[in-house]
Amino acid sequence: MEARATQSFIRISPRKVKVVLDLIRGKDAAVAAGILKNTRKAACEPLIKLLDRVVADAENKFHMDTEKLYVSECFVTPGMTLKRMMPRGKGSGDRILKRTSHITIAVAEKE
């Protein structure tokens with residue numbers, strides 16, 4: 001059995017989140033939390049909150065042992081892209097794409 005949590009519309013590019021998710025995939029939940037707390041990336045802050053939430057859900061809803069939990073699955077998908085304009089010379093403008101992410105983390109108990 002696994003517990004899964006999703007956070008939608010995080011205002012950070014999926015490409016930047018994927019780098020951090022690759023660090024914690026397959027690790028114990030406590031080790032993954034330590035990695036996230038000591039990594040200097042912008043994506044770590046929402047990932048710490050999401051990991052804490054999924055571990056709490058596993059403990060309270062599914063009655064899993066938190067010592068045996070590991071990150072069984074984690075992935076990011078692109079969300080809605082906000083389109084903005086930046087003024088340029090001669091009255092023209094460039095399109096600025098502000099990307100969002102949908103992040104999913106699942107934890108399971110080791111056998």
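This is a predicted model: local features need pLDDT of at least 70, side-chain atom pairs count only at pLDDT 80 or more; totals for chains, interfaces and linings use all residues.
**M64.** M64 sits in the loop between α3 and β2. I then listed what M64 touches, leaving out residues up to four places away in sequence: M1, E2, A3, A58, E59, L69 and E109. M1 is 63 residues away along the chain, yet the C-alpha atoms of M64 and M1 are 9.0 Å apart.

**S101.** I went on to S101, which belongs to strand β3, residues 93-109. S101 is buried as well, with a relative accessible area of 0%. With residues up to four places away in sequence again left out, I recorded contacts of S101 with Q7, S8, F9, I10, I12, S13, P14, V17, V76, T77 and G79.

**Helix α1.** Two of those contacts, P14 and V17, came up again when I checked which residues of α1 are buried: P14, V17, V20, L21 and I24. They cover an arc of only 125 degrees around the axis, so I place them on the same side of α1. R15 and K16 are exposed, on the other side of α1. I also asked what the buried residues of α1 pack against, and found α2, α3, β2 and β3. Just after α1, I noted a positive phi of about 85 degrees at G26.

**Helix α2.** Here I found A29, A32, A33 and L36 buried. Viewed down the axis of α2, these buried residues fall within an arc of 100 degrees, and therefore line one face of the helix. I checked what covers them; α1 (14-24), α3 and β2 (69-87) are included.

**α2 against α3.** Last, I looked at how α2 (residues 29-37) meets α3 (residues 44-60). The axes of the two helices come within 9 Å and cross at roughly 160 degrees. Because angles over 145 degrees count as roughly antiparallel, I call α2 roughly antiparallel to α3. The crossing of α2 past α3 is left-handed. On the α2 side I listed A29, A32, A33, L36 and K37 as making the contact, and on the α3 side C44, L47, I48, L51 and V55. Sorted by class, the contact has nine nonpolar residues, no polar ones and one charged. I note that the buried residues of α2, namely A29, A32, A33 and L36, are also among those in contact with α3.

Terms used
Residues are numbered from 1 along each chain as its sequence is written. Side-chain values use heavy atoms; hydrogens and water are left out. Axes are lines fitted to C-alpha atoms, for helices over the stretch in contact, and angles run from 0 to 180 degrees between N-to-C directions. Helices (H or I, at least four residues) and strands (E, at least two) are DSSP runs, numbered from the N terminus. Angles under 35 degrees count as roughly parallel, over 145 as roughly antiparallel, 65 to 115 as roughly perpendicular and the rest as oblique. A crossing is left-handed if the near helix is turned anticlockwise from the far one by less than a right angle, and right-handed if clockwise. Contact means heavy atoms within 4.5 Å. Ala, Val, Leu, Ile, Met, Phe, Trp, Tyr, Cys and Pro count as nonpolar, Asp, Glu, Lys and Arg as charged, and the others, Gly among them, as polar. Buried means under 20% relative accessible area, exposed over 50%, partly exposed in between (1.4 Å probe, protein chains only). The arc is that of the directions from the helix axis to the C-beta atoms.
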